[in-house]
Amino acid sequence: MDIKAVILAAGKGTRMKSVSTPKVLHEIMGKTLLGYVLDNVKNFVSEEFVIVGHHAQDVENFVKNNYDNAKTVLQSPQLGTGHAVSMVCPELENYDGLVLILCGDTPLVKEETLKEFVEFHKSQNSDLTVMSTIFEDPTNYGRIIRETDNSLKCIVEEKDATPEQKAVKEVNAGIYCLNWGKIKSAFGQLKSNNAQGEYYLTDIISWGKAQNLNVNAYILQNSDEIYGINSRLNLAQAAKMMNRRNLEHYMEDGVTIVDPDSTWISEDTQIGQDTIIYPATYIEGKNVIGKNCKIGPCAHLRGGVEVCDNVKVGNFVEVKKAKISSNTNVGHLSYIGDAELGEGVNIGAGTITANYNPLTKVKSKTVIGDNVKIGSNSVLVAPVAIDEGANVGAGGIITKNVPAWSLAITRSPLKVLENWVKKQLGK
Ligand code: UD1
Ligand code: CA
């Protein structure tokens, strides 16, 4: 059965207190919250609809530039989560498959979980399934209210809940699976007579019950996955949870993480066995790191980085969009950006690939052949190529290509004025 996803991303995110960035474009380790949600569904749905509203243009640009299969649909004004979903009704008028609804502010949910959720929906012959979980502190989440026979009754938002309902610990994860053909008419019938004056998506549960449809809840065991981000505090907490999960996964796969408390590694990074990640290292975006590498302490990989086997990226080294081939060392205090480094290269301390021209705003590439040795404190002004086996003397400012096996040296000859100091002092 065809599955389409609807991702709610139009809300203002008032509690983030952000002037310039809509909530769903805030980032964790170099990836936006919305990016996490889209990545989690893109492999098993045929199309994604992202509902945009607040800062619509920014969210639209993000989606267009990064996700081919996703469409954006404008919700203006933003009258609630139910109103948001109703915006796709014209797009899905003749559609009769499944619709998976998610929120753009819930980045921790895993792809496997979503697939399992859809399978559960199918296996129950459900018309409408909502994901729930148990939170020790359910504050601010919608509460799942059940009948005495334990079947679903409705969802009540915190602001509409009685003290008795507030005590309920089963909460709405904000993820739903619907047989579109059967549920779509709900969206014309939602009411906004609640504490927030909004059209709540959560009301489709009681609507479905009133229509005698088969409405179910899927209770997620690992409640961490549906942690929603509403504030900066939540953002930091979610980042920590995600990072912990990533580090555990790397360690299980044979990577040494010397200090998990100070190390950050994005989920889109692959790391080979026996690589050691030293403390205070920050690895964001998409990267591939080979086997037997030593990364850090205090290294920063900013995405688009490919590090082959037996490579050292040492302390205070920043790497962005670069390939570092095997047996190469970038030991200390360097910036390697928009670069390709061959095998067996040694990059001296303090070497910079000057990749950016601030006047033209153009970024250019540095290409370094196998077995090249770059002396300490050199600046390689891109575009530039240093061919196989060449050496660059310490302090080199390299503005032209250096042919293979040659020495490039740009410093003026050393002068030693003997007894100069003594003369100055009149001795
Ligand atoms: C919502 C649920 C709540 C659930 C929680 C899970 C409702 C009414 N409440 O509450 O039961 O426990 O998520 O995290 O659905 N949005 C729009 N358009 C709007 C309003 C919101 O697109 O008009 C989007 C937001 O950008 C956000 C998502 O919908 O991505 C959820 O909205 P939010 O305001 O965060 O809802 P919660 O109060 O967290
Ligand atoms: Ca939320």
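## The pocket of ligand 1

In this predicted model, the largest pocket is the space that ligand 1 takes up.

## Composition of the shell

The shell around ligand 1 is made up of 23 residues, and the closest of these are Gln75, Gly80, Thr81, Glu157 and Asn172. By residue class, the shell around ligand 1 divides into 10 polar, nine nonpolar and four charged residues.

## Polar contacts and cover

Oxygen atoms of ligand 1 take part in polar contacts with both backbone and side-chain atoms of the protein, as the following pairs show. At Leu8, a backbone N or O atom lies 2.8 Å from an oxygen atom of ligand 1, whereas at Thr81, one of the closest residues, a polar side-chain atom lies 2.7 Å from an oxygen atom of the ligand. Asp105 also brings a polar side-chain atom to 3.2 Å from an oxygen atom of ligand 1. On its own, ligand 1 has 760 Å² of accessible area, and the protein covers 90% of this area.

## Domain arrangement

The chain is divided into two parts by the domain assignment, with domain 1 spanning residues 3-226 and domain 2 spanning residues 326-427. Taken over C-alpha atoms, the centres of domain 1 and domain 2 are separated by 53 Å.

Methods. Residues numbered from 1 in each chain as written. Chains lettered and ligands numbered in written order. Predicted model: local features only at pLDDT ≥ 70, side-chain atom pairs only at ≥ 80, totals over all residues. Heavy atoms only, no water. Near = heavy atom within 4 Å. Polar contact = N/O pair within 3.5 Å; in protein donor to acceptor, adjacent residues only side chain to side chain. Areas by Shrake-Rupley, 256 points an atom, 1.4 Å probe, with all protein chains shown as cover. 1 Å grid on protein atoms, 1.4 Å probe; cavity = no way out; pocket = protein on both sides within 12 Å on 5 of 7 lines; lining within 4 Å. Sits in = over half its atoms within 2 Å of the grid points. Nonpolar A, V, L, I, M, F, W, Y, C, P; charged D, E, K, R; others polar. Domains from an automatic or database assignment.
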